[in-house]
Amino acid sequence: MIVAEQGNGLTRRDWLGGAAATAGLLAIPGQAAARRLRPSDRVNVAVIGAGGMGAQNMAKLTSQNIVALADVDFDHVAKSFVDNKGVARPEMQPLKAAYDRAARFADYRRMFDARKDIDAVVIATPDHHHAIAAKQAMERGLHVYVQKPLTYTVREGRTLLEVARRNPKLVTQMGNQGHSGDDGRRVVEWIRAGVIGRVREVHVWTNRPLWPQGEARPAAVTAPSSLDWNLWLGPAPVDWGYHPDYAHFNWRGWVPFGVGSLGDMGAHLVDFPVWALEPGLPTRIETRHSRWGGDTDIWDGKPPADLGSYPLANITTYQFGRAKGGPLTMTWYDGGLMPPTPTAMPLTARMNPDGGVLYVGDRGMLMHETYGEKPVLIGDGVAERAAAVPMSLPRILGGRDGHEMNWIRAIRGEEAISSPFSVAVPLTETMLLGMVALRADQPIEYDGDRITNVAEANQFLDREYRKGWAL
């Protein structure tokens, strides 16, 4: 449960722009000050989770000093530099050279203790490590770039936002690259300018999952000798034993480690309606879904605490009762499910089955793909009204591909940050409330701090941690 008097997080009033936003630098035990950097300086960057998505992020940062890597399996990291046939990928060789020069650690906690030259950290671990790694970094005065979803739970997001607000000189960024894209920013400008009129209905869909979901938990097998399975588990409260369906990519669909398709793609897709319409937090959320992985009749609709994989598909309906433009309904579809085609939509304006967003306004419609790209305007006079809307949001150098360097330039004081925790936390909370409704297995009503109609569902705003890994 999240309540102000517990000290676990901010009240809704605080974190949506109250006193905490101007509290300044408050004392945190062990807090270190960030090194002051000039535009000409190279930033000393470390990475936690150096392969996979972490390698993609770090490949954009080879102009900086890559000083340290933390990863539980460096054989897996090495696969980032070659293609499926084992042939070197030319575009990844500068990163390989940088990695070869950097210090290596299996445990990021040891890296933080040993290396005092780090300015900033990229965190690209599975979801269940995000908040622990980010909080430890921030308390050491380090700027952080955290892959999406920012956190595994609502309380974790509130905690990171509180740390960020107490340390306003730290530059924080979530890895939702579409937030830096030119197309997405133009979409926000059009929606806010009323190009399609008042929006009361939004539909968001994705083809995810692309990993095991809706499946029973597999039997454990022997872990690769290169993998430190105990460290990979980290804060996870269960140890099912290793299986390749968990590490290194498929963890997203398993309850102790990831937050499913909403966590994977919601940070991209839900971002734009939340950004453009400023609806605040949802007040009612309901999820309809296929069967949980391994589901049997004895569950009676109440999955046990030791859940397996998430359902293969779900439809989540968010009601925003406090939206600036009046009540708003946003519906999320995953597992390849898609919204019905509005009768007013021309047949030539087909929805991309990979993912997209459709805004239904009282003067037209707007549709775009996953990262805010390829916007399509639908309706009489909509294109003419859109053409007249001036640019009001700053453009990020490099657009979507410049998201990582935007973080670096913001650290050096050259450019405003694109997706700081003040933006990422309420977005992530909205996404995660869909997962809470999924686990509650009934509609939930949310007052901005707690679930008011299903008291037992408040447990899903938080989680248990393995000993030694508490937030």
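**Close-up views of a predicted model**

**View 1. Pro149 sits in the loop between β5 (143–146) and α7.** In this predicted model, Pro149 is joined to Lys148 by a cis peptide bond, with omega at about -10 degrees.

View 2. His248 belongs to the loop that runs between α9 (229–233) and α10 (260–269).

**View 3. Helices α6 (residues 130–139) and α7 (residues 154–166) pack against each other.** Their axes lie 10 Å apart and meet at an angle of about 15 degrees, so the two helices are roughly parallel. The crossing is left-handed. On the α6 side the contact is made by Ala131, Ile132, Ala134, Lys135 and Met138, while α7 brings Glu156, Thr159, Leu160, Val163 and Ala164. Seven of these contact residues are nonpolar, one is polar and two are charged.

**View 4. Phe421 is among the residues with the most contacts inside the largest nonpolar core, along with Trp232 and Tyr359.** This core holds 105 residues, and helix α14 (residues 421–440) gives the most to it, with 12. Leaving aside residues up to four places away in sequence, the partners that Phe421 touches include Met138, Leu160 and Ala164. Another core, of 27 residues, lies apart from this one and has Ile66, Phe81, Ala98 and Tyr145 among its members.

View 5. Most residues other than glycine have a negative phi. Glu278, however, has a positive phi of about 45 degrees, in the loop between α11 (271–277) and β8 (284–289). For Asp441 phi is positive too, near 65 degrees, and this residue lies in the loop between α14 and β14 (444–445).

Terms used
Residues are numbered from 1 along each chain as its sequence is written. This is a predicted model: local features need pLDDT of at least 70, side-chain atom pairs count only at pLDDT 80 or more; totals for chains, interfaces and linings use all residues. Side-chain values use heavy atoms; hydrogens and water are left out. Axes are lines fitted to C-alpha atoms, for helices over the stretch in contact, and angles run from 0 to 180 degrees between N-to-C directions. Helices (H or I, at least four residues) and strands (E, at least two) are DSSP runs, numbered from the N terminus. Angles under 35 degrees count as roughly parallel, over 145 as roughly antiparallel, 65 to 115 as roughly perpendicular and the rest as oblique. A crossing is left-handed if the near helix is turned anticlockwise from the far one by less than a right angle, and right-handed if clockwise. Contact means heavy atoms within 4.5 Å. Ala, Val, Leu, Ile, Met, Phe, Trp, Tyr, Cys and Pro count as nonpolar, Asp, Glu, Lys and Arg as charged, and the others, Gly among them, as polar. A nonpolar core is a set of buried Ala, Val, Leu, Ile, Met, Phe, Trp, Tyr and Cys residues joined through side-chain atoms within 4.5 Å. Buried means under 20% relative accessible area, exposed over 50%, partly exposed in between (1.4 Å probe, protein chains only).
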